[in-house]
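Please read them with the structure open.

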Amino acid sequence: MRSTFFGLETARRALSASQRALDIAGHNIANANAPGYTRQQAVLAATDPYTLPSYAHLRSAGQVGTGVEVAEVRRIQCALLAAQSRQVASESGTWASRQEALSRLEALLNEPGESGMHSLFDAFWGSWHALSTYPADSALRAGCRSAGSSLCDGLRRLAQQVESMQTSADDSLAAEVVAVNSLARRLDELNRQIRSVVQIGDNPNDLLDQRDVLLAELSAATDIHVHEHADATVTVTVGGFELVQQFGCNQLEAAVDPATGFRKLTWAGFDLPVVLSDGRLAGLSEMRDVIYGGFLSDLDRLASGLVAAVNEAHQLGFDANGLPGAEFFDPSLTGAKDIRLGAGVLADLDAIAASASGDPGDGANAMAIARLEEQVIAGLGMTLSDFYRGVVSSLGVESREADRALNTQELLARQISNQRAAESGVSLDEEMVRLMEHQHAYTAAARLLNVMDEMLVTLIERLGAGR
C-alpha cells in the first residue's frame with residue numbers, strides 16, 4: 001500500500017515542473033530580440049513510477065505514477081540551416097571583397113570620362129596629328145610634349161593610386177587576421193565552459209548560442225568546417241588545418257614576405273601557408289594580388305608597349321635640326337608607375353623627331369607616330385587603344401558579375417535567416433500561449449496540493465478525535 005503522504009510529492013513535482021517551464025518561457029520572452037538567441041523548450045516527462053510491493057496483483061495495477069519533471073531544456077535549432085548559413089556567409093565575404101575592389105577601380109578609371117586615360121591617349125595621338133601638319137611650329141611641338149607628359153602623369157598617378165589601394169587591402173588583411181585569432185581564442189574559452197557544463201549533466205544552451213554567434217562571425221572571415229564532439233565542444237578547421245581544437249587553438253600569422261613586400265598568411269609556429277577558399281580573408285587576398293595586382297600588370301604592359309612602339313617610330317625620324325631622333329620616352333623606365341619622357345625631349349622641343357626625311361617642314365614621321373593608334377603592338381597582340389578598352393571592359397563585366405553574385409548571396413542569406421527564425425526564433429504569441437498553459441498547470445498543481453493537505457488534516461483530526 002502506498003504512503004498516505006504519497007500525493008504531496010506528486011503535487012510538489014507538478015509545481016516545480018510548471019515553475020521551471022514558466023522560467024524558460026520567460027527567458028525566451030526576455031531574449032526575443034537578442035541577436036543569435038535560440039528558442040528553448042521545456043521537455044516534460046513522467047517520472048519513474050512507483051511499483052506496489054505484492055506477491056501477486058492479478059486485478060489491480062502494480063505501478064503508481066509519481067508525477068512529472070523537466071527532463072530536458074531543449075534548444076530548438078536545425079544544424080543543417082546553421083551550416084548553410086555559415087557557408088553563405090563565407091561566400092558573401094568573398095564576393096563583397098571582389099565587388100568592393102572592382103567598384104573602386106571603376107570609380108578610379110572614370111571611363112568614359114574627360115579625366116580618364118582614354119581621353120589622355122586621344123589627346124596624345126591628336127597632338128601628333130596636329131604636329132604632322134606644321135612640324136616647325138613650336139607651339140604644336142610644345143603641345144605634343146605636353147600631351148606626352150600628361151599621358152605619363154596619368155599612367156603614373158593611376159598606378160600609384162592602385163598601389164595605394166593594394167597596400168590598404170594588405171593592411172585590412174592583417175587586421176582581419178587579428179580578428180580571426182581573437183575569435184579562435186574566444187571559441188576555445190567557450191569550449192572549456194561548455195565542456196564543464198556538460199560534464200555535470202546540464203545543457204549549456206546560452207553558451208551554445210554565444211558559440212554560434214562567434215562561428216557566424218568567423219565564417220564571414222574565412223571558410224570553416226565545424227565538427228561537434230560528444231561533449232558538445234567543436235573543432236573548427238580552415239583549409240584542412242585546425243584553428244580551434246577540442247583542447248586549445250592555433251593562431252594565424254601575417255608576416256611580411258620580402259619577395260613581394262606584402263603579408264603572407266601562415267600558421268603560427270608551423271610555417272605552413274594558410275589555404276583560403278572563401279570569406280573576407282580570401283577576398284582581401286584576391287583583391288590585393290589578383291584584382292589590383294592584375295590591373296597593375298596590365299598597366300605595365302600598356303606602358304611598356306607604348307614606350308617601345310613610340311620610341312621605335314621616333315628613332316626612325318629626324319628632329320628639327322636634321323639629327324636622327326632619340327627616344328621620346330625614357331627607355332629605362334617602362335613601367336606604368338615610373339614612365340617618363342626622354343631627357344632630350346624634356347630639354348629641347350627641337351628634339352621631337354617629326355620629320356621622316358630631315359626636312360624641317362616634313363611631318364611624315366609625326367603622322368607615322370599618330371598612326372600607331374591603329375597599329376597592332378608587339379607583345380599586346382592588339383592596338384594600344386583596344387588593349388586599354390579590353391581592360392576597362394573586363395573590369396566592367398567582372399564588376400557586374402560581382403554585383404549579381406553578391407545580390408544572390410544576400411538573397412540566400414535572407415532566406416536562410418527567415419527559415420532559422422521560423423524554427424529557432426522566439427514568437428511572442430506562442431510564448432504567451434505557453435505562459436498561460438503552464439500558469440494553469442501550476443494553479444491546478446497548487447489546488448491538488450491544497451486538496452491533499454485538506455485530506456491529511458481531516459485524517460489527522462478525525463483520528464485524533466477518536467482517541
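**Pockets, rings and backbone**

1. Start with the largest pocket. Its lining counts 27 residues, and those nearest its centre are Gly36, Tyr37, Ser85, Ser417 and Arg420. Bear in mind that this is a predicted model. The space in this pocket comes to about 610 Å³.

2. Which helices supply at least two residues each to the lining of the largest pocket? They are helix H2 (79-109), helix H5 (205-221) and helix H9 (384-424). By class, the lining of this pocket splits into 14 nonpolar, nine polar and four charged residues.

3. Now the second largest pocket. It holds about 360 Å³ of space. Its lining has 18 residues, with Arg75, Gln77, Ala79, Arg211 and Glu228 closest to the centre. Two or more lining residues come from each of H2, H5 and strand S5 (225-228). H5 gives the largest share, five residues. Sorted by class, the lining of the second largest pocket is nine nonpolar, four polar and five charged. Look at H2 and H5 with care: both contribute to the largest pocket and to the second largest pocket.

4. Next, the aromatic rings. A pair of rings is described by how far apart the centres are and by the angle of the planes. There are nine aromatic pairs in the structure. One of them joins Phe124 and Phe328, with 6.0 Å centre to centre and 55 degrees between the planes; the pair is tilted. Why does this pair tie together parts that are 204 residues apart in sequence? Phe124 belongs to helix H3 (residues 117-133), while Phe328 sits in the loop between helix H6 (280-315) and helix H7 (343-347), so the contact links those two parts.

5. Are Phe124 and Phe328 buried or exposed? Phe124 is buried, at a relative accessible area of 0%. Phe328 is buried too, at 0% relative accessibility. Phe328 also pairs with Phe329: the ring centres are 5.1 Å apart and the planes lie at 85 degrees, so this pair is edge-to-face. Phe329, like Phe328, is buried. Ring pairs link Phe124, Trp125, Trp128, Phe328 and Phe329 into a cluster.

6. A charge over a ring deserves a look. The ring is that of Trp95, and the charged end of Arg98 sits over it, 4.3 Å from the ring centre.

7. Helix H1 (residues 6-30) is next. It has 25 residues and spans 37 Å from first C-alpha to last, close to the expected 36 Å at 1.5 Å a residue. In an α-helix there are 3.6 residues a turn, so residues three or four places apart point the same way. The buried residues of H1 include Phe6, Thr10, Ala14, Ala17, Ala21, Ile24 and Asn28. Gly7, Ala11, Leu15, Ser18 and Ala25 in H1 are also buried.

8. Last, two backbone points to check. Ala232 has a positive phi near 75 degrees, in a residue other than glycine. Ala232 lies in the loop between S5 and strand S6 (234-238). With a relative accessibility of 11%, Ala232 counts as buried.

9. Asp271 also has a positive phi, near 55 degrees, and is a residue other than glycine. Its place is the loop between strand S9 (263-267) and strand S10 (272-273). Is Asp271 buried or exposed? Asp271 is exposed, with a relative accessible area of 67%. Ala232, by contrast, is buried.

How values were computed: Residues numbered from 1 in each chain as written. Predicted model: local features only at pLDDT ≥ 70, side-chain atom pairs only at ≥ 80, totals over all residues. Heavy atoms only, no water. Phe/Tyr/Trp six-rings, centres within 6.5 Å; stacked < 30°, edge-to-face > 60°. Helix = DSSP H or I, 4+ residues; strand = E, 2+ residues; numbered from the N terminus. Buried < 20%, exposed > 50% of the residue type's maximum accessible area, 1.4 Å probe, protein only. Lys NZ or Arg CZ within 6 Å of the ring centre and 35° of its normal. 1 Å grid on protein atoms, 1.4 Å probe; cavity = no way out; pocket = protein on both sides within 12 Å on 5 of 7 lines; lining within 4 Å. Points joined across faces, edges and corners; volume = space filled by probe spheres on them. Nonpolar A, V, L, I, M, F, W, Y, C, P; charged D, E, K, R; others polar. Expected span 1.5 Å × (residues − 1).
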